[in-house]
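Subject: Structure for you to look at

Hi,

Here is the structure I promised to send. Please open it alongside this email.

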Amino acid sequence: MSKKIFRSILAVAAAVLLANLVIILGCLYRYFGDVQANQLKDELRLAAYAVEANGLAYLEKLTGHDSRYTWMPEYRLTWIAADGTVLFDTNESAKDMVNHGDRLEVQEALSAGESSSVRYSDTWARRTLYYARALDDGTVLRISIRQATAPALALAMLWPILLIGIFAALLSSVLASRMAKRIVQPLNALNLDHPLENDAYEELYPLLRRIQQQRGQINAQVQELRTRADEFEQIIGSMNEGLIVLDQKGTIICINPAAQRLFGTDRSCVRKDFLTVDRSHEMSQAILTALENGRSETRTERNGRKIQFDISRIESDSTVIGTVLLAFDVTEQAFAERARREFTANVSHELKTPLQSIMGSAELLENGLVRPEDVPQFTGTIRKESARLVALVDDIIHLSQLDEGIAPERAAVDLLETAEDAASVLRNYAWERGIHISVTGDHVQVDGVRGFLHEMIYNLCENAIKYNVDEGSVEIAVSIGKQGPEVTVKDTGIGIPPEYQSRVFERFFRVDKSRSKASGGTGLGLSIAKHIAQYHNAKIMLQSEMGVGTAVTVTFAAGH
Ligand code: ADP
C-alpha cells in the first residue's frame, strides 16, 4: 500500500511539475511575445514618422555610423513602394531583393493602413513577426523580428528543464516516501481486535465499525461452529457403533472412540490414509463399491466379534466428497440367528422321532401284525410318545412365549409357597422312586409372575428327581441370601460332568439322551428355567459333582 501511495504522490508531483512548467513557459512566452509585439509596433510608428518626415535619409542614417541614431540589430526595417519594389532594407541591399507586393502584410497595409503577419521557417524552429504600415506617400514601411518558436524555445531549455525535473523528482521521491510512510503508519498500527478503540483517520471509522460488526458476527459463528463440533464429538463419542468418515481419497477425516477401539488405533490416525488402520481386501472393495453404487456392506470378524460395516457415499452438490462407515457389533445377532436355525433343526428332529415311533406302532396295529397280547405294549408306546409330543409342544409354546417377551401381570409371589406347590405336584413321582422331597426356608416374596416361577421350580425339582438315584433326596430351600432372595434345589443324584455344566441350559442339550427320553424329558426344562430367571432379573447358577449331586440356585435382585 505504501508503494502505491508513494507512486501516486510521485505521479501527482510529476504531473503538477510538468503542467506548471508548460503553463509558466507558455505564459512567459506569450507575455514576452506580446511585449515584443508592442515594442515592434512602437518602433514602426516612430520609424514611420521619421520616414515621412525625412524619407530615405533617415533610413540611411540608421544603418550609418551616426551615434545619434542607434538601431537595434534584431529589428529589420523594410521600406516598400506601392508596387512592391523594395526601396530600402536595414539588412540587405534593396537592389538585390525581390518584389514584396505579394506579401500579405504589405497588401493588407496598402488596403487597411496597418497590418501584421507571422511566417514560420521551414523547420518551424523560428518565426518572423511582421508589422506593416502604409505611409502618406502610398509606400509601406515594414518592421520585422525573428523569434524562436515555443517548441524551439523549450528544446533550447531542455537541459535546465531536465535538471529541474531531476531535482524535483528527487525531492518529491523523498517527500512522497515520507508522506507514504506517515499515511500508512496509523493504518499499520490499527488494532483490529478492538477496531473502535483506534485513534486513526476519521474516514476509517465506517470501515472500523463494519469490521467490529463483522468480528461480532464471526465470533458468534465460530462459537456456534464450536458448539456444533462439540455436540457432534459428544454424539459420536457416546455411540456404541463405530463411525469413520473418509474423504474421496480415503483419508480419515474423523473416527469415533468406538471405531478406534475396533481398529486398535487412536486419534493420531486422523488425516492418514484408511489403509494405515485397515488393509483388508474386503473393506477396500466395499469402500470402492460404496463410492460407485452409493452403498455397500460387509461383515468381518474382529477381536473374536462379528462386525458389520455399512458404508455410504457422501455427496455435496452432486459431487462425491467421501464415504461414511458405520460399524455394528452383530455377534449377538449372528449368534441368535445360528441358535434359531439350530432350534428349528432340533425341533424338527425332536418332533420327528416320537412321530415315527407312533406311526410305526400304528401301522403294525393297522395291518394286524401285532399279537393280541402285545397290543397293550404298542398302544402304551403310542400313548407315551404322544405324551412326549404334547410335553414337547407345550415346552416349545412356553419358550416362544418367553422369547416373544409376552408379559403376564406381575404380583408379589411367595417363593416358599410356590416351591411347596411344585413339590406337592411331584411328590407322587418322587415317591415312586423312593425319593424324599423337603421344602424349607422363609416366606420370601418377590415381584414376579407366579405361573412362571412355579414352572421354574417345578422344572428344577423334576430334574432333581429325574436324575437322582433311587431312595435319594431333594431339598428345596428358600432364603434371603447376600445378594437377594434365593431358591436352591439340591439333589443327591448322578451329577453333571464339569465339561457339560455350562451347556445344560442350551435348548435340547442333554448329557444322557436315552435317560432323558426314557423319563419323558424334552431337553428344554433348564432352558425354560433360565429364561424365567432372566425374565425376573434373576441369576441362575449350577453346582454339580459327579456321583454326589447337583444344586441349582436362582438368585433374585435385592428389593425385588
Ligand atoms: P431334560 O428334559 O432332558 O431334563 P433339561 O433342559 O431339563 O432337559 O436338562 C438338560 C440336561 O441337563 C438333562 O438332559 C440332564 O442330562 C442334565 N441335568 C439337568 N438337571 C440335572 C440334575 N439335577 N442332575 C443331573 N443332570 C441334570
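Below is what I found, from the whole chain down to a single residue.

Please keep in mind that this is a predicted model.

Overall shape

The protein has 14 helices and 17 strands. Its radius of gyration is 64 Å, while the globule rule gives 24 Å for 560 residues, so the protein is more spread out than a compact globule. The C-alpha trace spans about 195 × 60 × 40 Å along the principal axes.

Of the 560 residues, 36% are buried. The accessible surface is about 33,600 Å². Carbon and sulfur atoms hold 55% of that surface. I also checked contacts between residues at least 6 apart in sequence: 55% of them join residues at least 24 apart.

Domains

The domain assignment gives these pieces:

- domain 1, residues 2–156
- domain 2, residues 190–230
- domain 3, residues 239–329
- domain 4, residues 334–404
- domain 5, residues 411–555

The centres of domain 2 and domain 4, taken over C-alpha atoms, are 84 Å apart.

A five-stranded sheet

Look next at the open sheet built from 5 strands. Their order is β2-β1-β5-β4-β3, and the pairing is antiparallel. The edges are β2 (86–89) and β3 (114–120), each of which pairs on one side only. On average, neighbouring strands in this sheet are turned by 20° against each other, direction ignored.

Helix α2 (residues 56–63) touches β1 (75–80) and β2. Its direction makes about 30° with that of β2. Helix α3 (residues 104–112) touches β1, β3, β4 and β5 (140–148). The direction of α3 makes about 170° with that of β3.

One residue to check

Gln260 sits in helix α7 (residues 257–263). Is Gln260 buried or exposed? The relative accessible area of Gln260 is 12%. The cut-off for buried is under 20%, so Gln260 counts as buried. Leaving out residues up to four places away in sequence, Gln260 touches Ile255, Thr265, Asp266 and Arg267.

Best wishes

Terms used
Residues numbered from 1 in each chain as written. Predicted model: local features only at pLDDT ≥ 70, side-chain atom pairs only at ≥ 80, totals over all residues. Heavy atoms only, no water. Pairing = 2+ DSSP bridges. Helix = DSSP H or I, 4+ residues; strand = E, 2+ residues; numbered from the N terminus. Axes fitted to C-alpha atoms, helices over the stretch in contact; angles between N-to-C directions. Contact = heavy atoms within 4.5 Å. Rg over C-alpha atoms; globule rule 2.2 N^0.38 Å. Buried < 20%, exposed > 50% of the residue type's maximum accessible area, 1.4 Å probe, protein only. Areas by Shrake-Rupley, 256 points an atom, 1.4 Å probe, with all protein chains shown as cover. Domains from an automatic or database assignment.
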